[in-house]
Amino acid sequence: MPNLPEPTKVVQLPDGTYVYADHLPTIHQPVQPQIVHQHIHQAPPDRTVQRIALGSGVGAGAVAAGVYFGPLLVGALTAIAANLAILAFLAVALTWGVVSVVRSVGGAEGAAAARRVRRSRRRR
């Protein structure tokens, strides 16, 4: 007979057979409540769309493209907005400069033309 460990507890099953307590079938094992450790984290805002996309069945390639091209799109739009702001500033500065030069250079003819324009606006 092989050397078996000393049984700590022997249990008689309903059919009359004896078994070690640590070798019970899964049906007769005492049920212990399962402890679930759930860690809830808030998803960062830039990944929320990708997580929703994964949940709705979009492929991983589309999600990877969104992760890669999303920040590139934001950067490109920011650069475009900065360029438009610089162009608008230049347009205002040049217009102001042209108006200032015309006012300073315009002599009697310029003053007479301005009076005519003002009078024609009042008549309307």
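Trainee: In which helix does Leu84 lie?

Mentor: Helices are DSSP runs of H or I with at least four residues, and strands are runs of E with at least two, numbered from the N terminus. Leu84 lies in helix H2, residues 60-105. This is a predicted model, where local features need pLDDT of at least 70 and side-chain atom pairs count only at pLDDT 80 or more, while totals for chains, interfaces and linings use all residues. Residues are numbered from 1 along each chain as its sequence is written, and side-chain values use heavy atoms, leaving out hydrogens and water.

Trainee: Is Leu84 buried or exposed?

Mentor: Buried means under 20% relative accessible area, exposed over 50%, and partly exposed in between (1.4 Å probe, protein chains only). Leu84 counts as exposed because its relative accessibility is 54%. Of the 124 residues of the protein chain, 4% count as buried.

Trainee: Which residues form the nonpolar patch on the surface?

Mentor: Patch residues have over 30% relative accessible area and no salt bridge; nonpolar side chains (Val, Leu, Ile, Met, Phe, Trp, Tyr) are joined within 5 Å, like charges within 9 Å. A salt bridge is a side-chain nitrogen of Lys or Arg within 4 Å of a carboxyl oxygen of Asp or Glu. Here the nonpolar patch consists of Leu73, Leu77, Ile80, Leu84, Ile86, Leu87, Phe89, Leu90 and Leu94, with about 960 Å² of accessible area together.

Trainee: Which residues gather in the patch of positive charge?

Mentor: Arg115, Arg116, Arg118, Arg119 and Arg122 gather there, on the surface. Arg122 is found in helix H3, residues 108-123, and is exposed, with a relative accessible area of 66%.

Technical notes
Areas by Shrake-Rupley, 256 points an atom, 1.4 Å probe, with all protein chains shown as cover. Lys, Arg positive; Asp, Glu negative; His and termini not counted. Charge placed at Lys NZ, Arg CZ, Asp CG, Glu CD.
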